[in-house]
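Got your viewer open and a selection box ready? Load the model below and we'll walk through it stop by stop.

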Amino acid sequence: MIRLDRWLSTLGVGSRSQVQKLIRAGEVTVDGGRVTDPGTLCGESAVLAVAGETLDSRLRRHIMLHKPAGLLTAARDRKQPTVMDLLPPCFVPLGCMPVGRLDKDTTGLLVLTTDGELAHRLLSPGRHVDKVYLATVDGPLGAREQEMFARGLNLGDFSAQPADLAIISSSAAQATARVTVHEGKFHQVKRMFEAVNRQVTVLHREKFGPLMLDPQLKEGTWRDLTEEEIRSLRQAAGMGDATDD
Ligand code: URA
């Protein structure tokens with residue numbers, strides 16, 4: 001159960017005192033009935049409406065975003081635009097957070113969730129949630145680089161675990177490959193290529209754990225995860241197969 005005024009302010013309808021005023025003024029209905037006590041306790045499946053307009057009142061959100069280049073992966077930043085700018089403003093008070101990060105110039109699949117435990121578990125170093133990237137680099141790739149990736153690479157401050165490098169095309173000037181890593185250290189893919197003397201020029205994440213980037217999702221757009229996707233993500237996080245919705 002959740003207090004009506006807290007729920008409405010968490011959804012971004014207004015500050016706690018603003019929503020209390022709205023409720024007292026009779027502007028709010030719960031399951032179709034007018035409620036004037038801001039402290040009314042509601043079940044999470046209640047249908048809320050303000051001034052006759054039904055709200056999307058979900059408190060738990062799990063979403064897939066097709067991240068474009070040029071945005072920071074952060075909940076907020078004082079100077080630069082972040083991925084949160086692509087989402088409805090209520091996602092911030094809901095506490096919807098990116099699960100891990102993609103560099104500013106990296107595109108592709110980013111999962112965001114209000115479930116802090118799920119995010120924490122998916123990112124925990126022992127969990128080894130696979131991530132698949134499509135990378136373009138500034139020189140040829142061949143058996144030598146594949147072997148180096150497969151052995152694991154010493155990156156100075158940490159040793160990258162063995163990773164799979166599937167070469168899609170390679171010429172003297174440029175190559176494209178699909179890279180599967182089992183961990184998620186800072187700038188990991190770029191640093192692994194640097195360790196074999198290649199610079200990444202384009203990086204795109206296609207897969208995060210069990211989730212593939214939805215091909216229907218245009219760059220800069222997002223959608224809710226399906227029940228099945230949430231279940232698979234929770235399973236990957238070792239949280240059983242029950243959804244929390
Ligand atoms: N590895 C990188 O180097 N950058 C990313 O954005 C993701 C993985």
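What follows is a tour from the whole chain down to single residues.

**Before you click**

This is a predicted model, in which local features need pLDDT of at least 70, side-chain atom pairs count only at pLDDT 80 or more, and totals for chains, interfaces and linings use all residues. Number residues from 1 along each chain as its sequence is written, and bear in mind that side-chain values use heavy atoms, with hydrogens and water left out.

**Stop 1: the whole chain**

Zoom out. The C-alpha atoms fill a box of roughly 70 × 35 × 35 Å along the principal axes. Switch to cartoon and you have 6 helices and 17 strands; these are DSSP runs numbered from the N terminus, helices being H or I with at least four residues and strands E with at least two. Of the 245 residues, 47% count as buried (buried is under 20% relative accessible area, exposed over 50%, partly exposed in between, with a 1.4 Å probe and protein chains only). Among contacts (heavy atoms within 4.5 Å) with a separation of 6 or more, 65% join residues 24 or more positions apart.

**Stop 2: colour by domain**

The bounds come from an automatic or database domain assignment.

**Stop 3: the largest pocket**

Where does the largest pocket lie? Both domain 2 and domain 3 give residues to its lining, so it lies between them. Its volume is about 480 Å³. Select Arg101, Glu183, Gly184, Lys185 and Phe186: of the 29 lining residues, these are the closest to the pocket's centre. Helix 3, strand 10, helix 5 (188–195) and strand 15 (200–208) are the elements that give two or more residues to the lining.

For the record, a pocket is an open set of points on a 1 Å grid over the protein atoms alone, where a 1.4 Å probe fits and protein lies on both sides within 12 Å along at least five of seven lines; lining residues have an atom within 4 Å of a point. The volume is the space filled by probe spheres set on the points, which are joined across faces, edges and corners.

**Stop 4: helix 2**

Jump to residues 16–24 and show side chains. Val19, Gln20 and Ile23 are buried here. They sit on the same side of helix 2, because they cover an arc of only 105° around the axis (the arc is that of the directions from the helix axis to the C-beta atoms). The buried residues of this helix pack against strand 1 (2–3), helix 1 (4–10) and strand 2. Just after helix 2, glycine 26 takes a positive phi of about 80°.

**Stop 5: isoleucine 2**

Now pick isoleucine 2, in strand 1. At 7% relative accessibility, this residue counts as buried. Leaving aside neighbours within four places in sequence, isoleucine 2 is in contact with Trp7, Thr40, Leu41, Cys42 and Leu59.

**Stop 6**

Most residues other than glycine have a negative phi. Aspartate 31 has a positive one of about 50°; find this residue in the loop between strand 2 (28–30) and strand 3 (33–34). Aspartate 31 is exposed, with a relative accessible area of 54%. Finish at histidine 128, whose phi is also positive, near 55°. Histidine 128 is in the loop between helix 3 (116–123) and strand 10 (131–137), and is partly exposed at 36%.
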